[in-house]
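Let's take a walk through this structure together, one feature at a time. Keep the viewer open and follow along as we go.

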Amino acid sequence: MDDFILRALVAGLGFASVAGPLGCFVVWRRMAYFGSALAHGAILGVALGFLFELSLYAGVLFVCVTLALALVALERQRGLTSDTLLGLLAHGALAFGLIAVSFLETVRVDLMAYLFGDILAVTIADIVWIYAGGALVLALLALLWRGLLAATVDADLARVEGVPVDRVRLLFLLMIAVVIAVSMKIVGVLLVVSLLIIPAATARRFSATPEQMAALASVAGALAVGLGLWASLRFDVPAGPAIVAAATGLFFLSLPVPGTRLRG
Amino acid sequence: MQPERRAGELLVDAQNLSIRYADHVALDRVDLAVHAGEIVTVIGPNGAGKTSLIRAVLGLIAPSTGAIRRRPGLKVGYVPQGLHIDDSLPLTIRRFLGLAAPEATRRVGEALAEVGAERVVDSPVQAISGGEMKRVLLARALLRDPDLLALDEPTSGVDVTGQAELYRLIQTIRDRRGCGVLLVSHNLHVVMAATDQVLCLNRHVCCRGQPEAVSRHPEYLALFGPHLATTLAVYTHEHDHRHGPSGEPIVLGGPGKGEDRGHSHG
């Protein structure tokens with residue numbers, strides 16, 4: 001197997017294993033739109049990375065974390081729903097990002113690579129970012145699991161029972177920011193949310209417990225990465241979209257399985 | 001397993017509690033105290049501030065003015081009105097109850113038995129009925145071995161027979177555990193039989209006292225109308241009894257003999 005394929009596989013599988021459990025919480029908490037909003041802002045992060053000659057991961061991470069914190073701060077204001085605030089922040093950040101990119105005349109910015117990923121060009125440094133970020137997120141998830149689950153079921157009940165709901169929620173938002181930042185090379189920021197929610201959706205009907213669903217989502221994501229990479233090489237199609245298409249295909253294939261229970 | 005609870009001990013004491021939002025006053029200078037072994041029922045029409053009151057007592061919202069003192073180390077069991085759990089979350093009742101506390105999973109069977117809902121232990125949370133959910137929520141509160149049980153509309157969406165059963169269950173729990181009970185209800189004319197004190201709320205406290213006294217209070221009658229109000233007295237007949245060793249009611253006297261209460265928690 002060629003080195004670049006091996007690197008792509010290692011990066012993709014690493015990402016899928018983190019996206020599985022985190023994506024389940026995105027689905028349970030109905031936060032797909034939050035993920036998309038952060039991802040829109042990522043383009044500003046790419047531009048900032050180029051402008052300040054930083055790692056692009058650092059730039060994207062900075063913008064995503066800032067957006068998550070801004071959302072939490074703005075939510076304290078009454079009168080607007082978080083849905084509206086998300087749209088405002090996301091498209092604002094996207095607009096500023098596109099303006100910032102236009103200043104980068106001297107650098108040829110291949111926006112497509114960041115929007116849709118370039119998994120076949122993954123370097124060892126990318127893999128280090130993915131695994132470091134992924135390990136951090138998985139460790140936090142394991143640590144916060146019961147509290148995060150309790151807060152997902154009912155925030156007030158969890159609060160009365162002593163779960164630090166606001167802190168847990170903030171950490172959860174930051175985890176999403178990290179995962180979006182490290183997804184850049186794999187499927188790109190425009191498609192990252194699909195790898196959070198589609199494997200989780202596929203896993204749902206085969207799961208009786210939250211932990212089962214988290215594990216199965218990782219498996220579904222890993223399968224999609226493998227299938228997508230294979231299709232990309234075999235049919236010479238772009239790898240990022242091929243992975244997402246494979247995940248979507250798996251979801252629809254999983255639908256008419258007789259004898260499985262829809263609910264836990 | 002039960003820790004010693006001093007009967008009659010003050011659990012929660014809210015004084016001069018006001019909650020103001022930008023455009024309206026939800027609660028206006030309300031005093032409320034709950035003692036161990038005591039059942040306090042808060043009734044009032046929609047928008048009377050009942051939910052604000054219980055949320056403030058639980059520490060979920062901060063009062064605008066006034067103070068809430070909780071006994072140090074007070075453990076509160078909260079029974080919310082209902083839960084909406086997204087269909088996408090696969091969760092059995094066992095796991096749901098296990099979320100109550102780190103070591104709760106081992107005692108799930110025990111708690112479900114106490115509320116008479118053992119059957120649903122392996123059901124998905126989304127698949128049980130409203131009445132079963134009320135019992136499950138009660139079990140979750142009991143898993144914390146609470147000093148104070150706070151119940152928000154425990155009988156909403158439950159049929160009349162189910163309501164009576166739930167009230168009896170809450171009373172049994174109080175008798176067995178000696179915890180204090182704070183119960184909020186929009187049901188104006190059905191007050192739990194064993195209620196020690198009724199607080200009739202309409203942003204401010206209209207009147208308070210033992211159920212019969214409240215049902216005759218002019219402000220109560222003005223708020224709910226004499227027609228609705230009369231039914232309160234019907235249910236308080238059951239108040240005139242006390243409980244024998246195994247919890248069976250012992251009738252003390254006929255309806256309307258107000259003063260001699262069976263329950264004394266002093």
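**Salt bridges, sheet and contacts**

Asp122(B) and Arg94(B) form a salt bridge in which the closest N and O atoms are 3.2 Å apart. The two partners come from distant parts of the chain, 28 residues apart: Asp122(B) sits in the loop between helix 3 (108-115) and helix 4 of chain B, while Arg94(B) belongs to helix 2 of chain B. Asp122(B) is exposed, as its relative accessible area is 52% and the cut-off for exposed is over 50%. Arg94(B), with a relative accessible area of 35%, is partly exposed. Please keep in mind as you look that this is a predicted model.

Glu114(B) makes a salt bridge with Arg177(B), and here the closest N and O atoms are 2.8 Å apart. Because Glu114(B) lies in helix 3 of chain B and Arg177(B) in helix 5 of chain B, the pair ties together parts that are 63 residues apart in sequence. Elsewhere, Asp156(A), Arg159(A), Asp166(A) and Arg55(B) are joined into one network by salt bridges that share partners.

How many salt bridges are there over all chains? A search of the whole structure finds 20. One to look up is the contact between the side chains of Arg30(A) and Asp86(B), a salt bridge with an N to O distance of 2.4 Å. Arg30(A) lies in the loop between helix 1 (3-28) and helix 2 (32-51) of chain A, and Asp86(B) in the loop between strand 5 and helix 2 (93-98) of chain B, so this pair joins two chains. Arg30(A) is exposed, with a relative accessible area of 61%, whereas Asp86(B) counts as buried at 15% relative accessibility.

The loop that holds Asp86(B), between strand 5 and helix 2 of chain B, is also the place of Leu89(B). With 2% relative accessibility, Leu89(B) counts as buried, because buried means under 20% relative accessible area. What does Leu89(B) touch, leaving aside residues up to four places away in sequence? In chain A the list is Trp28(A), Leu149(A), Val153(A), Arg204(A) and Pro210(A), and in chain B it is Gln126(B). Leu89(B) and Gln126(B) are 37 residues apart along the chain, and their C-alpha atoms are separated by 9.1 Å.

From here, step back to chain B as a whole. Chain B contains seven helices and 11 strands. Of its 266 residues, 55% are buried. Among the contacts in chain B with a separation of 6 or more, 67% are between residues 24 or more positions apart.

In chain B, six strands form an open sheet with mixed pairing, in the order 5-6-7-3-8-9. Its edges are strand 5 (76-79) and strand 9 (204-209) of chain B, each of which pairs on one side only. From one strand to the next, the twist averages 15°. Strands of a sheet pair through backbone hydrogen bonds, in either a parallel or an antiparallel way. Strand 5 of chain B pairs with strand 6 (residues 148-152) of chain B in the parallel sense, over four bridges. Within this pairing, Gly77(B) has Leu149(B) in strand 6 of chain B as its bridge partner.

Two helices of chain B meet these strands. Helix 4 (residues 130-142) of chain B lies across strand 5 and strand 6 of chain B and runs at about 165° to strand 5 of chain B. Helix 5 (residues 160-177) of chain B packs on the sheet, where it touches strand 3 (39-43), strand 6 and strand 7 (180-185) of chain B; the direction of helix 5 makes about 160° with that of strand 7 of chain B.

Leu51(A), Phe52(A), Leu54(A), Phe96(A), Ile99(A) and Phe103(A) make a nonpolar surface patch of about 680 Å². Where is Phe103(A) found? Phe103(A) is in the loop between helix 4 (82-102) and helix 5 (111-116) of chain A, and it is exposed, with a relative accessible area of 60%.

Technical notes
Residues numbered from 1 in each chain as written. Chains lettered and ligands numbered in written order. Predicted model: local features only at pLDDT ≥ 70, side-chain atom pairs only at ≥ 80, totals over all residues. Heavy atoms only, no water. Pairing = 2+ DSSP bridges. Axes fitted to C-alpha atoms, helices over the stretch in contact; angles between N-to-C directions. Contact = heavy atoms within 4.5 Å. Buried < 20%, exposed > 50% of the residue type's maximum accessible area, 1.4 Å probe, protein only. Patch = residues over 30% accessible without salt bridge, like charges linked within 9 Å, V, L, I, M, F, W, Y side chains within 5 Å. Areas by Shrake-Rupley, 256 points an atom, 1.4 Å probe, with all protein chains shown as cover. Salt bridge = Lys/Arg side-chain N within 4 Å of Asp/Glu carboxyl O.
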